[in-house]
Structures are given as structure tokens and as C-alpha cells.
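I opened my notebook for a first look at this structure. Here is the view I worked from, and my entries follow below.

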Amino acid sequence: MQLENKVVVVTGGASGIGGAISRVLALRGAKVVAVDLNTEAGTVLAEELRDSVIFIEGDVSKQETADTAVAAAVENFGGLDGLVNNAHASRQAPFTDLDQTAWELSFKTGFLATRQFMLAAYPHLKDNGGSIVNFGSGSAMVGQPTQAAYASAKEAIRGLSRVTANEWAANNIRVNAVSPWR
Ligand SMILES: NC(=O)c1ccc[n+]([C@@H]2O[C@H](COP(=O)([O-])OP(=O)(O)OC[C@H]3O[C@@H](n4cnc5c(N)ncnc54)[C@H](O)[C@@H]3O)[C@@H](O)[C@H]2O)c1
């Protein structure tokens with residue numbers, strides 16, 4: 001229970017890796033705001049852990065989703081201690097076949113959503129500190145073929161994470177990037 005009463009926003013927090021993160025955070029005592037497009041999985045999660053998890057249906061690429069999620073954390077649980085930027089949608093194709101829509105999907109749901117959620121969280125973290133975990137990818141680090149739009153957004157997320165880790169260290173805000181690799 002080392003996370004007792006810590007309040008954490010998890011993007012893409014209803015299913016996949018994000019769903020597992022939401023569940024483990026709740027099992028360790030945290031209060032979780034899970035943000036996701038997947039209403040079915042989010043509803044199941046919130047019913048399963050009704051004292052610990054609130055589900056917010058929303059598209060992370062929209063600024064208002066970040067504002068709504070952070071406001072829900074503050075209003076329902078009294079503050080914010082952490083943020084997990086896990087959601088990311090993308091399409092895979094050779095570089096020459098990736099159209100503008102594919103690039104926008106990856107950057108809006110990955111990089112720009114990460115930026116928006118960090119900016120929404122910062123006012124609530126800057127005085128008491130906290131922790132932010134952003135998601136990169138091992139496949140981005142090795143340059144896996146067909147992943148140009150995804151890898152570019154993931155490496156931008158790692159760059160943003162390094163800079164903000166240095167800038168926000170003075171506020172006791174830890175910023176880390178994890179890069180899963182099969
Ligand atoms: N699974 C892997 O092997 C792997 C490897 C490296 C990195 N990653 C990264 O780990 C993270 C989680 O991966 P995953 O495999 O669980 O992904 P996933 O696609 O299974 O789940 C992502 C979750 O985000 C939600 N989501 C997608 N677009 C959204 C949007 N616009 N707004 C709100 N929610 C949205 C989905 O509904 C889903 O619940 C991602 O950042 C991914 O890039 C995964």
C-alpha cells in the first residue's frame with residue numbers, strides 16, 4: 001500500500017498496459033482517474049474498483065480531455081500526485097506510404113497529448129511534487145521498419161521527458177520515460 005491516497009491520472013487507462021497500470025495503482029492504495037476512448041473497458045474497470053477508480057471517456061488528443069481529467073482528480077480525490085501518459089494510437093506502413101492523417105494521429109494522440117496532460121497537471125504538482133511517467137517504445141529506439149510516424153512521436157516524447165525532468169526537478173517533480181520492448 002505504498003501509494004495510499006496518491007492520486008494518479010492514467011491515459012489509455014482502461015485496457016492494455018494502461019488498464020494493468022490502473023489496476024496495480026489501485027491495488028497499492030492509489031486513487032486513479034482512467035481516461036480512455038474504450039467506454040466498455042472503462043466502465044468495467046470503474047465498477048470493479050469503484051472506491052478507487054473514476055473512468056473518464058475522452059480522446060486524449062483534445063485539450064479539454066486533459067483539463068477534464070485533472071479537474072476530476074482534484075474534485076473527487078482532493079489533488080494530484082501523478083500522471084501516466086500511456087495512450088498512443090498509430091498506423092504502421094512504410095515511410096513513403098504514411099499519409100498526413102497517419103502522422104497527425106500519432107503526434108496528436110502520442111506527443112501532443114503527452115504535452116497537454118503534462119501542462120494540465122503541472123499547476124497541481126509544482127508545489128508538492130509528484131511523478132510523471134511517459135511512454136516511449138523500444139521499437140522506436142531501434143528504428144523498426146514501418147514505424148516512422150510512431151517512432152518519431154515516441155522519440156519526441158523522450159526528448160520532452162528529459163527536458164522537463166531537468167526543468168521540474170526544482171519542484172520535486174520526477175519525469176521518467178519508459179520504453180517497453182518485447
Ligand atoms: N504493447 C507493446 O508491445 C508496446 C511496446 C512498446 C510501447 N508500447 C506503448 O505502451 C503504451 C500502451 O500500449 P498498449 O499495447 O497497452 O496499447 P493499446 O493500444 O492496447 O492500449 C492503449 C489504450 O489507449 C486507448 N486509446 C487509444 N487512443 C486513444 C485516444 N485517442 N484517447 C484516449 N484513449 C485512447 C485505447 O482505447 C487503449 O485502452 C502505448 O504508449 C504504446 O505505444 C507498447
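**Entry 1: the ligand**

I began at the ligand and found one of its oxygen atoms 2.7 Å from a polar backbone atom of Ile17. The model is predicted, so to speak for its limits: local features need pLDDT of at least 70, side-chain atom pairs count only at pLDDT 80 or more, and totals for chains, interfaces and linings use all residues. Residues are numbered from 1 along each chain as its sequence is written, and side-chain values use heavy atoms, with hydrogens and water left out.

Next I looked up Asp36, where an N or O atom of the side chain is 2.6 Å from an oxygen atom of the ligand. At Asn86 I found a backbone N or O atom 2.6 Å from an oxygen atom of the ligand. The ligand taken alone exposes 820 Å², and the protein buries 76% of that (accessible areas come from the Shrake-Rupley method with a 1.4 Å probe; for residues, only the protein chains shown count as cover).

**Entry 2: the shell and the pocket**

Which residues come nearest to the ligand? Of the 22 residues around the ligand, I noted Ser15, Ile17, Asp36, Asn86 and Tyr150 (a residue is near if one of its heavy atoms lies within 4 Å). I sorted the shell into eight nonpolar, 10 polar and four charged residues (Ala, Val, Leu, Ile, Met, Phe, Trp, Tyr, Cys and Pro count as nonpolar, Asp, Glu, Lys and Arg as charged, and the others, Gly among them, as polar). Helix H1 (16–27) and helix H6 (148–168) each supply at least two residues of that shell (helices are DSSP runs of H or I with at least four residues, strands are runs of E with at least two, and both are numbered from the N terminus).

I also saw that the ligand sits in the largest pocket. A pocket, on a 1 Å grid over the protein atoms alone, is an open set of points where a 1.4 Å probe fits, with protein on both sides within 12 Å along at least five of seven lines. A molecule sits in it if more than half of its atoms lie within 2 Å of its grid points.

Most residues other than glycine have a negative phi. Phi of Thr146 is near 75°, and Thr146 counts as partly exposed because its relative accessibility is 34% (buried means under 20%, exposed over 50%, partly exposed in between, with a 1.4 Å probe and protein chains only).

Asn172 also has a positive phi, about 60°. I placed Asn172 in the loop between H6 and strand E6 (173–178), and Asn172 counts as exposed at 60% relative accessibility.

**Entry 3: inside the protein**

I found its side chain reaching the backbone oxygen of Leu160 at 2.7 Å.

Asn85 lies in strand E4 (residues 82–85) and is buried at 3%. I saw the side chain of Asn85 make a polar contact with the side chain of Asn134 at 2.9 Å (a polar contact is a pair of N or O atoms within 3.5 Å; within protein, one must be able to donate a hydrogen and the other to accept it, and residues adjacent in sequence count only if both atoms are side-chain atoms).

Technical notes
On a 1 Å grid over the protein atoms alone, a cavity is a set of points where a 1.4 Å probe fits but cannot get out, and a pocket is an open set with protein on both sides within 12 Å along at least five of seven lines; lining residues have an atom within 4 Å of a point.
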